[in-house]
Structure formats: C-alpha cells, structure tokens
Amino acid sequence: MSKSAEIIIDGKSYELPVTIGSEGEVAVDISKLRGQSGVITLDPGFKNTGSTKSAITFLDGEKGILRHRGYSIEDLAEKSTFVEVSYLLIYGKLPTQQELEQFRQEITQHTVVHEDIRKLLDGFPSNAHPMGVLSSLVTSLTAFYPESLDPNRSWDGVNLSIIRILAKMPTFAAWAYKNEMGHPLNYPDNTLDYCSNFLKMMFSLPVEKYEVNPVVAKALDKLLILHADHEQNCSASTVRIVGSSQASLYASLSAGINALWGPLHGGANQAVIEMLEAIKADGGDTAKYIAKAKDKDDPFRLMGFGHRVYKNFDPRARIIKKTADEVLEALGVNDPVLEIAKGLEEVALKDEYFVERNLYPNVDFYSGIIYRALGIPTEMFTVMFALGRLPGWIAQWKEMRENKEPIGRPRQVYTGPNLTEYIPIEKR
Ligand code: ACO
C-alpha cells in the first residue's frame with residue numbers, strides 16, 4: 001500500500017500521508033489539507049472519518065469481529081469477568097492474579113458514596129428517568145472530589161478518580177432505581193463481587209432476606225462484558241471530545257452517559273422492549289411491523305436492528321441471543337416477547353429491504369429480554385448499558401489524555417445568509 005494519497009482540487013494536486021493500522025486499516029490523513037489548500041472535508045455523522053488512532057478496541061464490521069486489546073469478545077465473554085475486562089481495557093493488558101486481586105480490593109474500598117449525595121437524590125422526583133439521575137450523580141463527584149477537576153495531576157491522583165467511579169457507579173445505578181421506586185437506599189456489601197453487590201443494592205428490601213442468585217449475577221457479568229467498549233461510537237466520542245477540552249474525568253463520563261441515553265444509541269434496549277410489548281399487545285403480527293419499518297412515510301424503525309459499523313452481523317448479538325435462551329431456561333422464565341423477537345428476526349433476515357441495507361440485530365435486540373428475566377425494569381436498561389460501558393469510556397478518556405490529543409473542534413460548511421445590513425427594529 002502506498003504511503004501517500006493524492007487529491008486534486010481545481011486542477012491542483014496535493015499529496016496526503018496515509019496511515020495504516022495494525023490490522024491493515026488504511027486512512028488518508030487530511031489534517032493538513034486545509035492549511036495547504038483552504039479546503040475542508042465534509043462528512044456528516046463522521047461516517048467515513050477516523051477521529052483518532054486507538055489501541056483499545058478493534059472492530060471489523062464487515063467480518064463481525066470485535067476484540068479488546070487483541071482478545072476476542074467471544075473469549076472474553078466466555079472466560080473472563082467484567083472486573084478483569086475493565087482492567088484489560090483501562091490498563092492495556094490482562095492482569096496477573098495479584099494485580100487483579102489488588103484491583104478488586106481497590107474498587108471494593110471505594111464503593112461507599114458521600115452521605116450528602118443522598119440529599120441530592122432526595123431532590124429528584126420519583127418519576128425522574130434513572131439515566132438523568134445517574135449522569136447528575138456522576139457529575140456531582142466533581143464537587144465531592146474537587147482535586148479530580150485537574151486532569152493533569154499525578155497518575156496516582158488520576159488513577160484514584162478512575163477507581164472511585166468504577167466503585168461508586170453500581171451504588172449510583174442502584175440508588176437511581178431506588179429513587180424511582182421510593183424504596184429505602186441500600187449500602188454496598190463489600191463481601192460480594194461486583195455484580196452481586198449491585199444486585200443486592202438494587203433488589204434487597206429491609207423487610208425480607210435477599211440472596212443473590214448466582215445465575216443472575218453471572219448473566220449480568222456477561223452482559224456487562226459485552227457492553228464494555230465499542231471504539232469510537234457516539235458516547236465514547238463524546239467522552240473523548242469533552243475530555244479534550246481538559247474537562248475532568250467525571251464531567252466527561254457524565255457527558256458520555258447522556259450521549260448513550262438516546263434511542264439510536266444505548267437507549268435502544270429500552271426502545272426494543274417497548275416495541276416488542278407494543279407488537280404483542282397488537283396481536284403479535286410481526287409482518288405488520290416489518291412493513292411499517294420499511295415504509296418511508298412511517299417514522300417507525302425496527303429498534304435493535306441496524307448498526308453504523310456492523311454490516312454483516314454483530315458478534316455481541318450472537319452471544320446475547322444464545323445467553324438469552326440459557327438464562328431464561330435456567331431461571332424458568334417464559335417470556336412471550338422472546339418468541340416475538342425471534343419471529344421478527346427471522347422475517348427481517350429474509351426480507352429484501354433488510355438484506356439490501358445490511359440490517360441485522362444489534363447488541364440491544366436481545367439484551368432487554370435478559371435484563372427483564374433478571375428482574376431489571378425497562379427504564380433501567382440503559383443504566384445497565386452505562387454500567388457496562390464505564391471501563392470503555394475510562395479507557396478512551398485515558399488514551400486521549402495520554403496521546404495528548406488536541407481539543408476536538410470540527411469545522412463546517414456555512415450555508416446561512418451572506419453579510420446583511422442591520423435594520424433598526426422600528427424600520428422592519
Ligand atoms: N429499521 C428500518 N430501517 C432502518 C433501520 C431500522 N432499524 N436502520 C436503518 N434503516 C434504514 C434507513 O432508513 C436507511 O434506509 P435508506 O438507505 O433507504 O434511506 C438505511 O437503512 C441506512 O440507515 P441509516 O440510518 O443511514 O444508518 P446509520 O448508520 O446512520 O444508523 C442506526 C445506524 C442509528 C443504528 C440505525 O440502524 C437505527 O436507527 N437503528 C435502530 C436503533 C438502534 O437499534 N440503535 C442501537 C444501535 S447499537 C448501539 O448503539 C449500542
């Protein structure tokens with residue numbers, strides 16, 4: 001492959017350097033093009049634009065490959081744990097036994113949140129969406145740990161901020177749910193593993209004994225692994241771009257949570273279940289909804305279908321579909337919407353519209369069905385996604401800082417009015 005590319009603008013040729021990634025991905029570096037020619041590139045939605053060089057996650061959307069730091073998602077989901085994958089993403093390598101133990105202990109030490117955060121929570125109405133509550137609580141950490149505002153402080157200081165958020169996020173997520181339910185808050189139980197501690201804070205009530213079901217804890221751990229990172233998606237790019245202004249880790253993560261919230265991104269898992277429920281309530285006629293999704297005059301989209309980068313299959317969706325069957329069987333749950341989901345998938349995968357556009361189930365198509373079987377309510381689904389994506393966002397923020405990336409600031413093609421004379425209001 002040539003080390004440079006040529007672009008001809010108005011008959012004049014410009015040579016542009018070419019960068020090749022470790023998996024052979026080729027990029028034309030246009031960063032100096034405007035300086036040389038006065039011309040910018042236009043790419044709404046960044047569909048063809050690489051914003052960074054990254055060593056965290058490799059994704060080949062055509063082949064359905066997803067790897068973190070070189071390890072396949074299939075291997076990690078099968079053999080690892082969420083805490084170990086978090087270490088891998090953030091620190092760049094698999095930990096030794098001792099390193100993992102130390103990491104676990106550090107996280108366990110910081111699970112308790114400042115009591116004043118309860119007062120903040122008290123201020124939210126019970127119908128507040130838990131994603132809004134979560135992002136607010138994460139930002140509030142800047143007030144409780146003001147030293148975290150400086151992203152340029154020592155590595156030990158930065159690392160402490162990282163450990164704190166990994167430790168406190170399950171507490172925040174469970175409390176966002178308790179606020180919604182109007183139930184008393186539970187404190188962390190440091191004798192439990194990451195997911196069991198979260199489940200206990202979510203579901204235990206002072207009036208009854210709560211035992212964490214190991215099947216549920218294991219299934220949740222796998223779901224979190226499957227959501228742990230996904231390279232430069234909408235929320236990760238948001239975290240990097242906010243952090244590029246040297247805003248703090250917590251401010252950047254809170255922005256990432258808000259970016260994830262939308263139904264075209266992490267909010268899709270909630271939207272999928274709501275869609276499946278609506279189809280069920282409407283008699284389960286999947287063909288009708290496939291037709292609606294194809295109709296350009298109908299805003300309805302098949303939620304949980306399609307992906308910006310996967311154009312063959314989403315490897316996470318394959319694992320989740322299998323896990324959904326296993327979890328529902330192990331828990332003895334018979335969820336009719338699982339059958340509706342499978343029916344929709346079967347019809348869509350044969351339909352010319354979906355085939356032509358390479359639309360396949362994405363990670364969120366089946367994840368909601370598992371969350372539901374685990375007892376997690378619909379409006380908490382995106383919070384679960386945020387809990388899983390946290391180490392990925394941290395790794396992306398840390399890499400952006402370490403690479404000393406410049407502030408993110410896209411350009412635009414202006415299409416508004418030309419210079420116009422101001423007319424005083426009485427003469428308009
Ligand atoms: N249902 C029906 N048609 C669809 C769907 C869908 N779910 N997704 C894409 N299309 C169609 C579009 O209408 C468009 O058709 P056209 O070429 O005739 O105009 C074509 O497929 C391409 O779609 P775009 O929206 O241009 O693709 P883009 O890459 O911008 O969007 C996205 C990807 C947002 C994921 C889209 O597929 C979608 O809205 N899916 C449903 C929401 C969803 O599941 N989001 C979760 C994504 S995974 C994640 O964030 C974790």
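Two strands pair if DSSP finds at least two bridges between them. Helices (H or I, at least four residues) and strands (E, at least two) are DSSP runs, numbered from the N terminus. This is a predicted model, in which local features need pLDDT of at least 70 and side-chain atom pairs count only at pLDDT 80 or more, while totals for chains, interfaces and linings use all residues. Residues are numbered from 1 along each chain as its sequence is written, and side-chain values use heavy atoms, with hydrogens and water left out.

**Sheet**
- An open sheet is built from three strands in the order β4-β5-β6, with antiparallel pairing.
- β4 (57-60) and β6 (71-72) are the edge strands, each pairing on one side only.
- Four bridges join β4 to β5 (residues 65-68) in the antiparallel sense, and L59 stands opposite L66 in β5.

**Helix pair**
- The axes (lines fitted to C-alpha atoms over the stretch in contact) of α7 (residues 155-181) and α18 (residues 381-402) come within 10 Å and cross at roughly 170 degrees.
- α7 and α18 are therefore roughly antiparallel to each other (angles over 145 degrees, on a range from 0 to 180 between N-to-C directions).
- In contact (heavy atoms within 4.5 Å) are residues including W155, I162 and M169 in α7 with V383, L390 and W397 in α18.

**Ligand**
- Around the ligand are 22 residues (a heavy atom within 4 Å), of which R301, L302, G304, R308 and Y353 come nearest.
- A polar side-chain atom of R308 lies 2.7 Å from a ligand oxygen atom.

Methods: Parallel < 35°, antiparallel > 145°, perpendicular 65-115°, else oblique. Polar contact = N/O pair within 3.5 Å; in protein donor to acceptor, adjacent residues only side chain to side chain.
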